[in-house]
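Colleague: Could we go through this model together? I would like to hear what stands behind each label you use.

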Amino acid sequence: MIRYRSEMPTEYEDQPAGGIGRMSFHTLLKPEVLEGRTGMFAVITLEPGNTVGEHLHDTDSEVFFLLEGQGVMIEDGKRSQVSAGDIEYCPKGHSHGLEPVGDKPVVFLALQFK
């Protein structure tokens, strides 16, 4: 199966996970295509000043792989600098969030799974 970029419209979410502003994203493959084994599988863009609020993963795990930019990753309340090429894994039962740093957006791949 091939899914072309033209088949992935830009979508938006306001105050993602209780964060500030909004994020834009392109859903790469929907959960039903992946036989329900995943939740979100998307490329997400956070412009400066917008954040993904720290949120608990109580029923699934999630991976963020940074493609562009720099940010601060919050894991269980602890803040760490991250940049393009870094990966963050949030296992079930833990929390995470992301804040861009500087004047460029953070672009990352997000994959939720059970």
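Colleague: What makes you say that β1 and β2 pair?

Modeller: Strands here are DSSP runs of E with at least two residues, while helices are H or I runs of at least four residues, both numbered from the N terminus. Two strands pair if DSSP finds at least two bridges between them. Four bridges join β1 to β2 (residues 22-27), so the pair meets that definition; the two strands run antiparallel. One place to look is aspartate 14, which stands opposite arginine 22 in β2. Please keep in mind that this is a predicted model: local features need pLDDT of at least 70, and side-chain atom pairs count only at pLDDT 80 or more, whereas totals for chains, interfaces and linings use all residues. Residues are numbered from 1 along each chain as its sequence is written, and side-chain values use heavy atoms, with hydrogens and water left out.

Colleague: Why is glutamine 15 called partly exposed?

Modeller: Buried means under 20% relative accessible area, exposed means over 50%, and partly exposed is in between, with a 1.4 Å probe and protein chains only. Glutamine 15 has 47% relative accessibility, so it counts as partly exposed. Alanine 17, at 34%, therefore counts as partly exposed too.

Colleague: In what order do the strands of the sheet with β1 come?

Modeller: Six strands form an open sheet in the order β1-β2-β3-β10-β5-β8, with antiparallel pairing. What makes β1 (11-14) and β8 (87-90) edge strands is that each pairs on one side only.

Modeller: Isoleucine 87 lies in strand β8, and its relative accessible area is 61%, so it is exposed.

Colleague: How do you know whether histidine 57 is buried or exposed?

Modeller: Histidine 57, found in strand β4, has a relative accessible area of 3%, so it is buried. Not counting residues up to four places away in sequence, histidine 57 touches Glu62, Cys90, Pro91, Lys92, Gly93, His94, His96 and Gln112; contact means heavy atoms within 4.5 Å.

Colleague: Why is β9 described as largely enclosed?

Modeller: Five of the seven residues of β9 (residues 94-100) are buried, so the rest of the structure largely encloses this strand. β9 belongs to an open antiparallel sheet of four strands, in the order β4-β9-β6-β7. Four bridges join β4 to β9, with serine 95 as the partner of leucine 56. β6 and β9 pair over five bridges, and methionine 73 has leucine 98 as its partner.
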